[in-house]
Amino acid sequence: MADDTLLEHFRYRIRRDYAGVADWWRRNWRNGKWFRRGVFALGAFALILLGAWFMVVRDLPSTDKLLTYEPPLPTMVRGINGEIVYSYARERRVQLRFSDFPKPLIDAFLSAEDRTFWTHGGVDLGGLVGAVIDYVRKLGTGERAKGGSTITQQVAKNILIGDQYSISRKIKEMILARRIEGVLTKQQILELYLNEIPLGRHAFGVQAAARAYFNKDVDQLDLHEAAFLAILPKAPEIYGRKKYEAKAIERRNWVLDQMVRNGWATREAADIAKAKPLGLVNQRDDEYRADAGYFFEEVRRRLISRYGETAKDGPHSVYAGGLWVRTSLDMQLQNAARDALRAGLMRYGGNRGWHGPIAHLKMTDGKWRSELASSYIGINYRDWRVGVLTDVSGGQGTIGFTDGKTYPISLPSGPKAGDVVAAAPNGNGYALKIIPEVSGGMVVEDPQNGRILAMQGGFDSRLGAFNRATQAERQPGSTIKPFVYATALDYGMTPATQVLDGTFCVYQGAALGQKCFRNFANEGGAGTHTMRWGLEQSRNLMTVRIANDTGMDHVVNTIKRVGIGDYKPYLSMALGAGDTTVEKMVNAYAAIADHGRQHPATVIDYVQDRNGKVIWRADTRRCDGCDMPEWDGKPMPRFADNGKQVLDPRTAYQVVHMLEGVVTRGTAVVLRDLNLPLFGKTGTTTGPNNVWFVGGTPEIIAGVYVGYDQPRSLGGWAQGGRIAAPVFKEFVQATRKRWSDIPFAAPDGIRMVRIDRVTGKRVFSGTPEDRVAKASVIWEAFKPDTEPKRTIGAGELTAKEQILDALRRARAARLAAAQQKQKDEPGNFAEEQGGIY
């Protein structure tokens, strides 16, 4: 009962107090004008606070992500020996640890940007007040007020919220700065800042800026250089320019004085530093820029297809993922391949006169310098430079370069103002230089693993990105013939098989009539010869006869299996009428050299992420037991065989052995004096439009083609042995120490038999001389039970040989009947079908 009385008492008190407050509120609301205004003001302030929360605080990013923040970093490319040779970067960035930053550099930045960094909690109240006053003073003038931001606030701005100029951004910046100070240590904040701050010349972070402005690492900077870098956050695009040098020195010296004031430098050291010039280097590309543009572009294309280009494509993108890429690029071989191909192009097309400019600029408003610079056209050949003709009058003109300087130049008829041309110093001016119109491509590969060691896709990648080594589809000409012969060897023929080098025609029906093949230069047949002789001398008539006897279905299957191309079973394909690339041809020849085992052609060995973890590798073989802590006494672990068996090892060796004869006494005899165990094949397409050579040793395979981008005749004298093979020869001569004298090894199942080189018959006397051009006796490679006997009679023919002989006789009879019906002169089937020599 007492409890009920007490509860009722409290209810009465509440009703009485509420009635009193309500009465007070109504009385003041009716009679108090200022009371009402105060209520409205208080409500408005509450709404403002609520709006500010929605606008500023609610969507602020979490500062916790700074703990795992990974800045966008360029992809670094290493060569075959591990040296850095290139980088894919749109911004200069190098990430360092706090311990890597020298103390004078840290002190310089703190003196310039945030003197109280070590003591404040993220926001400097004194700096903030000054910034507010400056903002009010400049309100409406269009000028930007000074920031007043601490280094912590700048980290929030640079990484979390961006650089939008507004009051709300400033509020967000301050709130985030306070939060950052609760998440990261001062050292971590400073590490982020010094790695991320934009400092001009596309440099982000102090290490990248040190390289960009002084060509030094941060630990090599002098005091005056560290002070200069510290002034850049305020106006990097001004202080880094020559015309603002006085302003830069004044600001730098102010930083030095601040360092003395803060006790971080002595007056003597500061005075010595103030007396020094800025000492800035000219803007330039990164120091690790090997001259292998076509190779690097191929690597870039393959990386982008796998990981994407920018950060939005994923964590391992090419331009933000910070990848480390080990490639197979061998700079010694690359430089030799580049120089050899260029020399070959110059020999053919360097003296053919003016054929047009590299490009043409519109010369809008006379802004030729910026237009030339933005074209990114260049050249790295001797002392040549790329410039634009700013004026042309008669046989004289003026050429200008990206540095703004102009010089007189003598000109032939044809060039006009705006033409981009190559030129070299000549007296007090420049002389016009002709970049060959003809071009080509070259690839060098290790046949034992498929690694591409060098790649040159034209005269210079700075003149255009089109890579003729991997992108140009060209007819390979007679370089396809080894795969025709390989198919024939698989289907019962031998290098000593006698084949008629004579008229071979195909009857195509009543509408098209009869079409006949021709040897090179329309030569007729030369009678019956060994299959080896036909390959050495590149006889078209023998090749199509062999292809026809073997079956074109089988031939094109072989060509497809080695990765050259997927062609229709037309006889013209046996002479190289189908399109392919240098890369594919070299990879196919690599399979021949490696006993028929083919490895995918690769330019990348493996890829690591920014932390060094391997995320992709070309060689995926396992080596079970390789990492055992102790040897278990069993045989040492070995990697399993890699690659794919695309040819019979014995067939591959037979082809190699015949192709060695191409160098000794055939169409590539220009290479004989290299005195190496070389094999290879030349090729010349109809026109002749393209000339080829592909070949090498058991350790290095190289291929080259030369031709116009818009195919047309190179001239009647052009042949693979005259233009392409000398390019290969010059390449070998420049790298002679890299070429081993170890000969090709025969696989199991090959019998080396002494034969008469001309007749192909077996002999039992005489010394074989494989490297002698006119040797009467040579060693020949045979599969078991296919080697020829000393003599053979009609009764000794095997069943298979009897069938083949009957088929040849029947085919000859049909051809004779077709020729009797055909009254007109036979056409050139090889020419009309894209025929090849």
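This is a predicted model: local features need pLDDT of at least 70, side-chain atom pairs count only at pLDDT 80 or more; totals for chains, interfaces and linings use all residues.

Trainee: How many helices and strands does the protein chain have?

Mentor: The protein chain has 24 helices and 27 strands. Helices (H or I, at least four residues) and strands (E, at least two) are DSSP runs, numbered from the N terminus.

Trainee: And what share of the residues is buried?

Mentor: Of the 837 residues in the protein chain, 49% are buried. Buried means under 20% relative accessible area, exposed means over 50%, and partly exposed is in between, with a 1.4 Å probe and protein chains only.

Trainee: What about contacts between residues at least 6 apart in sequence?

Mentor: Among those contacts, 69% join residues at least 24 apart. Contact means heavy atoms within 4.5 Å.

Trainee: Which residues touch the most other members in the largest nonpolar core?

Mentor: Phe 296 and Phe 731 do, in a core of 133 residues. A nonpolar core is a set of buried Ala, Val, Leu, Ile, Met, Phe, Trp, Tyr and Cys residues joined through side-chain atoms within 4.5 Å.

Trainee: What does Phe 731 touch?

Mentor: Leaving out residues up to four places away in sequence, Phe 731 touches Leu 333, Ala 336, Ala 337, Ala 340, Met 442, Val 444, Ala 702 and Trp 739. Apart from that core lies another, of 52 residues, including Leu 105, Leu 199, Ala 208 and Val 255.

Trainee: Switching to helices. Why is helix 9 largely enclosed?

Mentor: Eight of the nine residues of helix 9 (residues 223–231) are buried, so the rest of the structure largely encloses this helix. The buried ones are His 224, Glu 225, Ala 226, Ala 227, Phe 228, Leu 229, Ala 230 and Ile 231.

Trainee: What covers them?

Mentor: The cover includes helix 3 (103–113), helix 8 (206–214), helix 10 (236–239), helix 11 (245–261) and helix 12 (267–274).

Trainee: How do helix 3 and helix 9 pack?

Mentor: At an angle of about 40°, with their axes 8 Å apart. Axes are lines fitted to C-alpha atoms, for helices over the stretch in contact, and angles run from 0 to 180 degrees between N-to-C directions. The two helices are therefore oblique to each other; under 35 degrees counts as roughly parallel, over 145 as roughly antiparallel, 65 to 115 as roughly perpendicular and the rest as oblique.

Trainee: Which residues meet there?

Mentor: Pro 104, Leu 105, Ala 108, Phe 109, Ala 112 and Glu 113 of helix 3 meet Leu 223, Ala 226, Ala 227, Leu 229 and Ala 230 of helix 9. By class, this contact has 10 nonpolar, no polar and one charged residues. Ala, Val, Leu, Ile, Met, Phe, Trp, Tyr, Cys and Pro count as nonpolar, Asp, Glu, Lys and Arg as charged, and the others, Gly among them, as polar.

Trainee: And how do helix 16 and helix 21 pack?

Mentor: Helix 16 (residues 481–490) and helix 21 (residues 649–665) pack at about 130°, with their axes 9 Å apart. Pro 482, Tyr 485, Ala 486, Leu 489 and Asp 490 in helix 16 meet Thr 651, Gln 654, Val 655, Met 658 and Leu 659 in helix 21. These divide into seven nonpolar, two polar and one charged.

Trainee: Now the backbone. Where is there a cis peptide bond?

Mentor: It joins Gly 687 and Pro 688, with omega about -5°. Pro 688 is in the loop between strand 22 (679–684) and strand 23 (690–696).

Trainee: What is the phi of Asn 215?

Mentor: Asn 215 has a positive phi of about 55° although it is not a glycine. Asn 215 sits in the loop between helix 8 and helix 9 and is partly exposed, at 34% relative accessibility. Most residues other than glycine have a negative phi.

Trainee: Last one: is Gly 321 buried or exposed?

Mentor: Gly 321 is buried, with a relative accessible area of 2%. Its place is in the loop between helix 13 (293–307) and strand 5 (324–327). Gly 321 and Pro 74 are 247 residues apart in sequence and 6.7 Å apart in space, C-alpha to C-alpha.

Conventions. Residues are numbered from 1 along each chain as its sequence is written. Side-chain values use heavy atoms; hydrogens and water are left out.
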